[in-house]
Amino acid sequence: MSGFELPTDRADLFSLGLKLLDKDYFIGQFCPEHGVDPTDLFAKTEVFGGLMSELRASGRFLFGMPVVSKPGPKVIIEEPDGNQREMIMFASNDYLGLSAHPEVHAAIREVVENYGVGAGSSRVNVGYSGIHRSLEAKLAKHWGQEAGLLYPTGYDAISSTIAALCGPNDRVIIDASSHSCIIDGARRSGATVRMFRHNDAKRLEAQLKRASDKGEGAILVVVEGAYSMDGDIAPLDAFVPLVKKYGARLMVDEAHAIGVLGARGHGAVEHFGLEDEVDLIGGTFSKSLGATGGFVVGNAAVLSYLNYLSTRIVFSAAFPPILAHGVSKAIDLMEADGGLRERLWENIRYFSDGFRKLGLDLPEVEVGAVPVRVHKDGVMVDFAAELYEAGIYAIPIVYPSVPHGRSMFRLAMQAGHTTEQLDYALSVFERLLKKYEIL
Ligand code: PMP
């Protein structure tokens, strides 16, 4: 151990714990400041472990508690002492409740005996099954593109596509609110990476102009269809003409938009009717489709190139074929049952209107999660702990996930939340927002 003393105040401890989840901060600043021996590779892990144990013992570290019931709007979680607690879930991205859908389960049962549990190897080896092939064909057809390509996860689909397509001569332009997989892929590619202010078409154009004025390589713009932390969607109708004007390519990560936006739930590209204008669409099966795995759809030649040059396809086992079959059923349900999406949107509107009636300044919510901005960083620990005590599972979002002073609760909605559950949550929030002088 370095002899570093952990803060005794629980709020400070919690804030420090969250800051330490940023590896660059932990290794770059925290370790040198606290005299952690840089020549011992494992020394920092002891300091980290000590801190995490204290955080857990303080009973205020809400991350990673095991859920021991079926997924859904109400779950049972198990606390470190074995106590089980029923909670209303506002932290799951299973927006449509398809993870627990009996028809998805039946589809998986149908194929498990013939296909086994795991893929057995990577897609380019023997991990590619007939089920994977038909899911790729379905994705291409339904998303209006030439071809589809599956990846083990959504993170892989986005990061590996960027890393495989771009090189040191190229420039990748990304939104300032980009998910880690976009930043990771852009950095790994070796290209010059530029960011523009969140959803700001003028700033995007400035970066496009700058990028096209110098350098010989190509330009790729990557944005998300829906930003679940910011609560808004990308103005793709404004972005597309700009990307074309500067001869760049556009990729949209639809992770949080699938199941939430578009007439059939395909995402923001469908919402804007831009299926023919966007170069690549990527997504995940881990949110509205209730499973795991990722995909990219687009031009067949590009996808064939990606199939052999994406490290996350070549060097990782394909995701289980049984899940591919479950995802295929989940897509059918998502497309056919517009009622699921309608219920989700009724809940989003009801809940966000409820917060507005309480007096909270909440702009129109365009995505599946309601952002409740608390702003006061210092109250987040106690606020989150009291929500927890009241049976509301909502993860606090604090620095470094958001800038200082922009602390918030991101309340992920589900089609299956009942009005009683939402009313109860609103009453608890009302009490706490008043108590902490946010209202
Ligand atoms: N893109 C975005 C915008 C995401 O939010 C996420 C998941 N948090 C991913 C990609 C990664 O998806 P997966 O869970 O399938 O790895």
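Student: Which residue is the bridge partner of Met89 in E13?

Tutor: Strands of a sheet pair through backbone hydrogen bonds, either parallel or antiparallel. Here the partner of Met89 in E13 is Tyr393, and strand E2 (residues 84-89) is joined to E13 by 2 bridges, the two strands running parallel. Two strands count as paired if DSSP finds at least two bridges between them, while helices (H or I, at least four residues) and strands (E, at least two) are DSSP runs, numbered from the N terminus. This is a predicted model, in which local features need pLDDT of at least 70 and side-chain atom pairs count only at pLDDT 80 or more, whereas totals for chains, interfaces and linings use all residues. Residues are numbered from 1 along each chain as its sequence is written.

Student: In what order do the strands of that open sheet stand, and which are at the edges?

Tutor: The order is E1-E2-E13, in an open sheet of 3 strands with mixed pairing. Strand E1 (74-78) and strand E13 (392-393) stand at the edges with a single partner strand each, so one side of each is left without a neighbour in the sheet.

Student: Where is an antiparallel sheet found?

Tutor: Another open sheet of 3 strands, in the order E12-E15-E14, has antiparallel pairing; its edge strands, each pairing on one side only, are strand E12 (369-375) and strand E14 (396-397). E12 is joined to strand E15 (residues 407-412) by 6 bridges, and Val370 has Leu411 in E15 as its bridge partner.

Student: Is strand E10 largely enclosed or largely open?

Tutor: A residue is called buried if 20 or more other C-beta atoms lie within 10 Å of its own, exposed if 12 or fewer, and partly exposed in between, with C-beta atoms placed from the backbone. In strand E10 (residues 280-284), 5 of the 5 residues are buried, so the strand is largely enclosed by the rest of the structure. Leu280, Gly282 and Thr284 point one way from E10, and Ile281 and Gly283 point the other way. Strand E9 (residues 249-253) runs parallel to E10 and is joined to it by 3 bridges, with Met251 opposite Leu280; strand E11 (residues 294-298) runs antiparallel to E10, with 5 bridges between them, and Gly283 has Phe295 in E11 as its bridge partner.

Student: How is the packing of helices H6 and H7 described?

Tutor: Two packed helices are described by the angle between their axes and the distance between the axes. The axes of helix H6 (residues 154-165) and helix H7 (residues 180-189) come within 7 Å and cross at roughly 25°, which makes H6 roughly parallel to H7. Axes are lines fitted to C-alpha atoms, for helices over the stretch in contact, with angles running from 0 to 180 degrees between N-to-C directions; angles under 35 degrees count as roughly parallel, over 145 as roughly antiparallel, 65 to 115 as roughly perpendicular and the rest as oblique. Residues of H6 including Tyr155, Ile158 and Ile162 meet residues of H7, among them Cys181, Ile182 and Ala186, where contact requires C-beta atoms, placed from the backbone, to lie within 7 Å.

Key: Two residues are in contact if their C-beta atoms, placed from the backbone, lie within 7 Å.
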